[in-house]
Amino acid sequence: MTAHIDPVTPEEQASWPPFDKVVKLEKAFTDARGTIQPLVDRLMKSAVLIESKKGSLRANHYHKTDWHYCYVVSGSIEYWHRPTGSTEPPTQLLVKAGEMVFTPPMVDHGMVFPEDTTFLTLSRNSRDQDSYEADVVRIDLLAAEGLTSWKPDDK
């Protein structure tokens, strides 16, 4: 099966938030029933809940067309990033519970988890395996030494 991935348009790209800082969330609506926190108000094809154990490494890749928002439900993420093709060292953001980070296409990124962490990833493209693999390019942005990691060839 060949994956269909929509190309990124200049209009879409112009609507993205900055990727080099924590995304500013809209004000939450609170009443006697509780709170509603707006996260992302745009068309997307995937929403996944990810649990990561302390001392693990995720990502270490970039996407050709996909973007994603990562909202931390509990724990924290040491989020490392740099433009794809750059030889500069990656920059780190610490994304804490209740915060969110945005990753556009063509940005190398890796995530290290200093504590057990649960986060939502809301993405432009489908997360079915064919679509995901057609769009992701794995790199060695962060060294996996001393961290729990995974690659497609791992059993």
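In what order do the five strands of the open sheet lie, and is the pairing parallel or antiparallel? I read the order as β7-β6-β9-β4-β11, with antiparallel pairing. At its edges I found β7 (91–96) and β11 (136–138), each of which pairs on one side only. From one strand to the next the twist averages 30 degrees.

Before going further I noted that the model is predicted, that local features need pLDDT of at least 70 and side-chain atom pairs pLDDT 80 or more, while totals for chains, interfaces and linings use all residues. Numbering runs from 1 along each chain as its sequence is written, and side-chain values use heavy atoms, with hydrogens and water left out.

For the terms above, strands are DSSP runs of E with at least two residues, numbered from the N terminus, and two strands pair if DSSP finds at least two bridges between them.

Across from Glu 78 I found Leu 94 in β7.

Next I turned to the rings, where Phe, Tyr and Trp (its six-membered ring) pair if their centres lie within 6.5 Å, with planes under 30 degrees apart called stacked, over 60 edge-to-face and the rest tilted. By this rule I count five aromatic pairs. Trp 67 and Tyr 69 are edge-to-face, because their planes stand at 85 degrees with the ring centres 5.6 Å apart. Trp 67 and Phe 102 have centres 6.1 Å apart and planes at 40 degrees, so I list this pair as tilted. It links distant parts of the chain, 35 residues apart: Trp 67 is in the loop between β4 (57–63) and β5 (68–74), and Phe 102 is in strand β8 (residues 100–103). Ring pairs link Trp 16, Trp 67, Tyr 69 and Phe 102 into a cluster.

For burial I used relative accessible area with a 1.4 Å probe and protein chains only (buried under 20%, exposed over 50%, partly exposed in between). Trp 67 is buried at 1%, Tyr 69 is buried at 5%, and Phe 102 is buried at 0%.

Last, I looked for charges over rings, which requires NZ of Lys or CZ of Arg within 6 Å of the ring centre and within 35 degrees of the ring normal. The charged end of Arg 42 sits over the ring of Trp 67, 5.6 Å from its centre, and Arg 127 lies over the face of Tyr 132, at 4.1 Å from the ring centre.

How values were computed:
Helices (H or I, at least four residues) and strands (E, at least two) are DSSP runs, numbered from the N terminus. Axes are lines fitted to C-alpha atoms, for helices over the stretch in contact, and angles run from 0 to 180 degrees between N-to-C directions.
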